[in-house]
Amino acid sequence: MRTNARLLAIAALLAAHSAAFGADDALAKRIANVEQGLQPAVAIQGAPVQRKTLAEEMARLGVPGVSVAVIHAGEIEWAKGYGVVTPGGAAVTPNTLFQAASISKPVTAMAALKMVENGALALDRDINAYTGLWRLPRQYDDKPVTLRQLLSHTGGVTVHGFPGYAAGKPVPTLMQILNGAPPANTRGIQSRGVPGSKWQYSGGGYEVLQYIMAERSGVGFTQLLRDTVLTPLGMKDSTYAQPLPAELLANAALPHDREGKPVPGGPHTYPEQAAAGLWSTPSDLARFAIETRRSAAGQSNRVLSQSMSNLMLAPVMDNYGLGFYVEGAGQQQGFGHSGSNEGYRCAMTAYTERGDGVIVMTNGERGGELLGAIIRAVAAEYDWPTLRTKVRESVPVSAAALDALPGSYEAGAAGGFAIARAGNGLTIAFGKGTPETLYAGLGGVYFITSRDTELRFDGPNNSGRLTSGTFTAPITPAKR
């Protein structure tokens, strides 16, 4: 009997080992499929989808380092680093720090909403009621700007984003940033629209929030975010310290320009901490996304209550909630944010109900194109209902368009672009980017394959509009 029991125990142990090895093999295959299956935003109907490897795309785009964390079934399933912190430097690991850029905003929002739950702030009170030495200038004195509006970009507040401060340059105080006073390199922050009337992305609004949060809490913003969000969520590799202390900089990915060359002097300093100052890793941001989902489902309340987390994920206007972009419904509902600092591009996206998600961080100016390709590869491998390659029908470019469309254009916050003729087709180059094919689609729409962007030229003098997801900008011919 003892022999039989021993044999059964050994058999069970061998079965467990076999299952573990099988699971490891399956996960390794999944990771390899992602690494070798980067996909374009758009594929042409009838043509095979052109898949590329992560290594070749990093080389093509001049992005030295990439870090990825994948969430599956509500947990971090895998995290991996690729490339180096800078050419000739150390390898990127899952614990390498990157600038999170505007992903700082939802983390800041969670801390602000914690202060609301604690009674230190109120969502719908005039924010000038909280300020002492500084008050938000506003065009409409009878229409106060509220915390809810700052969090959701609906307060009509100015200053879209911040370029940061290069090494050796003077760094302004928060008060100088708010007032647009030297050495600040952005204009003063004010409310110029009717609060609550439209959505207008504003990093400046989050700097007003930073001022209010620090004043009401009585502690520095770095400590406030550490104590309120980072430490409770186990985000041990994250900090809002600006500039990054030397001992942490040794474990950070360094920024690179469009040619893949190091940004002179290293990372820019962002005293605009609430809007752009977070240093983090994909794994830490995955912990943040997981907690958000669990809290909304009533499964955790390490920072916020269930009701407040659901409020955070409820769109206020144009698919933006209190710190997050939120799209879809049910099993297709997702939340997240992207980020763009000097030499860094990153993205976080997760599903509210499915328990899946991915965070990608890069240290190259052209990392934005890479982010989308990696996310689509993960979406395809994990059979997500959204974020997949879109298939579109292409038609020949008309002779009239070949003659009329070439030229330079402006598209608001999307920046400038140039269209050129190439044989019987057209190419388009955004900013200083490489020209790519501009396809003609059905109904007068033009599109590209590197990102899900549509262009229409249906106004006078080839004016029109550019649409990318929920973002829309007017197209106007550039002034000569």
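**Sheet, helix face and cores in a predicted model**

Tutor: In this predicted model, six strands make an open sheet, ordered β3-β2-β9-β8-β7-β6, with antiparallel pairing.

Student: What makes β3 and β6 the edges of the sheet?

Tutor: β3 (75–83) and β6 (325–327) each have a single partner strand, so one side of each lacks a neighbour in the sheet. Between neighbouring strands the average turn is 15°, direction ignored.

Student: How do you know that β2 pairs with β3?

Tutor: Pairing requires at least two bridges. Strand β2 (residues 65–72) is joined to β3 by eight bridges, and the two run antiparallel; therefore they count as paired. Ile-71 stands opposite Ile-76 in β3.

Student: Which helix lies across β2 and β3?

Tutor: Helix α10 (residues 282–296), which also lies across β7, β8 and β9 and runs at about 25° to β2.

Student: Why are the buried residues of α7 said to line one face of the helix?

Tutor: The buried residues in α7 (residues 221–230) are Phe-221, Leu-224, Leu-225, Thr-228, Val-229 and Leu-230. Viewed down the axis, they fall within an arc of 150°, so they line one face. They pack against α3 (104–117), α6 (203–217), α9 (273–276) and α10.

Student: What makes Val-229 a member of a nonpolar core?

Tutor: A core joins buried nonpolar residues through side-chain atoms within 4.5 Å. Val-229 is buried and is among the residues with the most contacts inside the largest core, which has 78 residues. α3 gives the largest share of this core, eight residues. Beyond its sequence neighbours within four places, Val-229 contacts Val-107, Met-110, Ala-111, Phe-288 and Val-303. A second, separate core of 26 residues includes Ile-31 and Val-358.

Definitions and conventions: Residues numbered from 1 in each chain as written. Predicted model: local features only at pLDDT ≥ 70, side-chain atom pairs only at ≥ 80, totals over all residues. Heavy atoms only, no water. Helix = DSSP H or I, 4+ residues; strand = E, 2+ residues; numbered from the N terminus. Axes fitted to C-alpha atoms, helices over the stretch in contact; angles between N-to-C directions. Contact = heavy atoms within 4.5 Å. Buried < 20%, exposed > 50% of the residue type's maximum accessible area, 1.4 Å probe, protein only. Arc of directions from axis to C-beta.
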